[in-house]
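Dear colleague,

I am handing over the structure below, and I would be grateful if you could look through it before reading my notes.

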Amino acid sequence: MSILVTGGAGYIGAHVVRMLQEQGHKVVVVDDLSFGDPSRIGDAKLFQIDLADPSTRARLTEAMMDEDVEAVIHFAARKQVGESVERPAWYYQQNVGGMANLLRAMYDAGVDQLIFSSSAAVYGMPPVPVVDETIECKPINPYGETKLICEWMAADCERAWGLKWVALRYFNVAGAGWPDLMDPARLNLVPMVLERLEKGGTPAIFGDDYDTPDGTCVRDYIHITDIADAHIKSLDLVRDGQPEVHEFNVGTGTGTSVKEIIEGLQRISGWDFPVAIEERRAGDPPKLIGETKRLQHLMGWEAKHDVTDILTSAWEAWQASPHRIKVPNSNAAE
Ligand SMILES: NC(=O)c1ccc[n+]([C@@H]2O[C@H](COP(=O)([O-])OP(=O)(O)OC[C@H]3O[C@@H](n4cnc5c(N)ncnc54)[C@H](O)[C@@H]3O)[C@@H](O)[C@H]2O)c1
């Protein structure tokens with residue numbers, strides 16, 4: 001039996017692939033390599049398939065049957081909020097279309113266990129700072145909408161043919177479990193700050209006049225290996241039968257401000273780099289933190305890493321890569 005990981009050559013997928021391999025599982029990867037890197041998946045067999053292309057459904061079904069797939073972890077998706085606002089129909093085609101093809105192939109191949117990569121983006125701008133899974137989902141951009149629709153699709157397949165599924169709603173994923181698996185995208189705060197430093201620019205804080213203790217936005221940062229571990233535990237849950245609930249926040253239940261993240265990076269890098277204060281960005285809630293009791297109680301999961309671990313691992317991975325940052329007046333960075 002094997003586990004199929006879609007998007008396994010990407011940032012989060014590659015961590016889960018490696019963790020599964022270390023635990024002795026046979027893993028196969030489906031990835032169109034639009035953002036993935038095949039060197040990240042070890043000896044897992046790669047099927048280079050574009051999930052959003054309906055003509056690939058038969059190939060996908062065949063791959064599942066040939067590889068004796070027992071369960072699917074579905075990461076493959078587009079994840080840029082701004083791009084989703086500019087190209088909504090294409091985002092639906094990619095994320096919802098890809099999910100539809102995957103679910104149909106799973107049905108055809110008789111695979112009935114699914115772990116789906118959802119996002120805190122399904123909550124939109126919630127009226128409370130700490131959200132649990134029962135709060136009404138009101139996404140405010142097409143990216144978040146596609147994630148919520150994919151959850152509905154899984155629920156519909158549960159009713160129609162007994163799909164056993166879990167949707168993991170990630171909060172702010174960061175860090176590196178292994179230095180060679182750093183986040184290659186520059187879309188989230190930590191890599192955005194590091195990229196500015198690498199390029200000799202000044203990292204920015206978008207708004208310092210929010211109603212938070214230091215005026216900057218507060219988010220729930222979760223270490224990538226804690227995220228990966230939640231997938232392993234979710235596999236155990238669906239293997240045991242239909243879970244009593246399906247949606248799980250993956251966060252830490254604690255908040256860290258943008259300013260605290262920047263100060264943490266200054267401390268870890270030993271460099272008091274300058275920071276620019278820029279205008280607020282549209283659609284940024286002041287505070288967004290995930291209540292994670294459900295994941296703890298039903299899966300026995302808990303976050304093992306704190307923000308210092310996250311920032312240290314991100315910094316070390318960055319420094320071990322070709323993007324190494326030159327820290328002024330530091331021999332360590334020479
Ligand atoms: N990184 C985050 O902070 C974050 C937060 C919340 C949710 N998520 C979700 O987690 C998942 C993984 O995110 P990531 O950060 O690892 O992204 P990523 O871009 O690094 O990985 C996505 C992978 O999917 C592949 N892919 C994309 N479209 C595909 C398609 N049509 N067919 C086949 N392969 C395709 C890409 O080549 C890439 O390897 C996504 O679904 C994303 O929406 C990520």
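What follows is an account of the ligand and its surroundings, and then of the cavities.

This is a predicted model, in which local features need pLDDT of at least 70 and side-chain atom pairs count only at pLDDT 80 or more, while totals for chains, interfaces and linings use all residues. Residues are numbered from 1 along each chain as its sequence is written, and side-chain values use heavy atoms, with hydrogens and water left out.

The ligand is surrounded by 29 residues, of which D31, F75, K79, Y143 and K147 are the closest; a residue counts as near if one of its heavy atoms lies within 4 Å of the molecule. By class this shell divides into 14 nonpolar, nine polar and six charged residues, where Ala, Val, Leu, Ile, Met, Phe, Trp, Tyr, Cys and Pro count as nonpolar, Asp, Glu, Lys and Arg as charged, and the others, Gly among them, as polar.

An oxygen atom of the ligand is 3.2 Å from a polar backbone atom of S34, an oxygen atom of the ligand is 3.0 Å from one of G36, and a nitrogen atom of the ligand is 2.9 Å from one of L51. Taken alone, the ligand exposes 820 Å², and the protein buries 96% of that (accessible areas come from the Shrake-Rupley method with a 1.4 Å probe). Two or more residues of the shell come from each of α1 (11–22), β5 (113–119) and α5 (142–161), and β5 gives the largest share, three residues; helices (H or I, at least four residues) and strands (E, at least two) are DSSP runs, numbered from the N terminus.

Turning to the cavities, a search of the whole structure finds three of 30 Å³ or more. A cavity is a set of points, on a 1 Å grid over the protein atoms alone, where a 1.4 Å probe fits but cannot get out, and its lining residues have an atom within 4 Å of a point; a volume is the space filled by probe spheres set on the points.

The largest cavity has a volume of about 90 Å³, and its lining includes Y11, D183 and W318. That lining has 10 nonpolar, one polar and one charged residues. The second largest cavity holds about 40 Å³ of space, with H74, F116 and K147 among its lining residues, and α5 gives the most to this lining, with three residues.

With best wishes

Definitions and conventions
Polar contact = N/O pair within 3.5 Å; in protein donor to acceptor, adjacent residues only side chain to side chain. 1 Å grid on protein atoms, 1.4 Å probe; cavity = no way out; pocket = protein on both sides within 12 Å on 5 of 7 lines; lining within 4 Å.
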